[in-house]
Amino acid sequence: MRHLSGIFLALYLCASPALGHSVFVQHNLPASKAGYAVEVLNESLARGQHKLATSLDQSDFVIELVEDSALEVEEFAIAPGEEYLGIRGGGQRGLIYAALAVAEQLDHGRAIDTLEPVRESAALPFRAIKHNLPWDSYRSSSALDLHFDTVRDVNYWEAFLDMMAQNRFNALTLWNLHPFPYMIRAHNFPEASPFTDKELAEWRSLYRAIFAMAKERGIDTYLVNWNVRVSKSFADAHKLEGTNYYPFYKGRSVYSGEAQTSDLVKRYTRESVTQILEEYPNLTGFGFSFGEQMGGMTPRERQDWMD
């Protein structure tokens with residue numbers, strides 16, 4: 001029995017990565033460039049039972065992160081050396097993807113001093129996920145309502161965005177009919193948001209957290225809404241009978257064209273978009289859709305409305 005135990009122990013030691021290295025992750029980059037990459041490396045090193053050194057002289061292994069302008073955006077290179085691992089990245093995303101590639105090797109059991117060299121670049125520049133939000137959703141459905149509390153949880157978004165980074169997605173598009181009232185109290189149209197100051201502050205905090213965590217992970221964010229849409233409180237305040245709002249996806253009544261030709265709605269939309277971009281600097285941009293409410297317009301009229 002002792003003989004068999006010795007065999008098992010020998011096999012385990014041969015198959016396991018070398019443990020106990022004291023690793024120092026070195027860089028001179030701002031947190032906006034290297035913060036998430038360093039976090040990925042530190043977590044993987046900790047899972048592998050390595051000690052995280054706080055200075056170079058306390059370490060016996062060094063991982064160095066360098067931003068390399070000679071590499072394309074998102075491209076990276078991993079160069080192993082003796083008691084050293086060099087990571088070069090083309091910008092923030094390159095560094096993140098390099099760190100993830102190192103973590104994947106370590107998590108699959110490879111020893112830190114036997115890592116494979118890697119050089120990769122993106123085949124597709126835009127790799128996005130379309131996420132339909134369960135508030136002001138494109139359909140009114142209990143199936144969507146089930147996710148309301150989950151999607152309002154910041155922890156859900158942290159896990160979701162980690163998943164996106166691990167799978168090398170670089171853009172998140174958030175879709176719902178009319179996001180404006182959840183994000184701002186429009187300066188010239190405060191009646192558009194039905195929320196109290198406290199409720200609106202909670203929604204703002206959620207959106208800001210999503211955009212900040214996405215940016216930290218090198219993920220662009222876009223809001224995509226349906227046109228022409230307003231909130232129910234806005235439509236009621238201005239008696240816009242032809243205006244569409246949640247949950248009436250395909251129209252409340254016979255198409256009247258009022259929302260499409262109303263200068264009031266155009267101004268509200270334009271000012272809201274501007275204010276959101278000002279109040280949410282981590283938001284990358286907007287995508288605009290031609291919604292069903294524009295069904296009575298010609299293609300030229302739709303484009304003119306967008307412009």
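Which residue forms a salt bridge with Arg267?

1. Basis. This is a predicted model, where local features need pLDDT of at least 70, side-chain atom pairs count only at pLDDT 80 or more, and totals for chains, interfaces and linings use all residues. Residues are numbered from 1 along each chain as its sequence is written, and side-chain values use heavy atoms, leaving out hydrogens and water.

2. The opening pair. Arg267 forms a salt bridge (a side-chain nitrogen of Lys or Arg within 4 Å of a carboxyl oxygen of Asp or Glu) with Glu271. Their closest N and O atoms are 3.6 Å apart. Both sit in helix H11, four residues apart, so about one helical turn separates them. Helices are DSSP runs of H or I, at least four residues, and strands are runs of E, at least two, numbered from the N terminus.

3. Arg267 is partly exposed at 41% relative accessible area. Glu271 is also partly exposed, at 27%. Buried residues of H11 include Tyr268, Ser272 and Ile276. Buried means under 20% relative accessible area, exposed over 50%, and partly exposed in between (1.4 Å probe, protein chains only).

4. Lys33 pairs with Glu67, with closest N and O atoms 3.0 Å apart. Lys33 is in helix H2 and Glu67 in strand S3, 34 residues apart. Arg217 and Asp162 meet at 2.8 Å, N to O. Arg217 lies in the loop between helix H8 and strand S9, and Asp162 in helix H6, so this pair ties together parts 55 residues apart in sequence. Arg217 is buried, at 2%.
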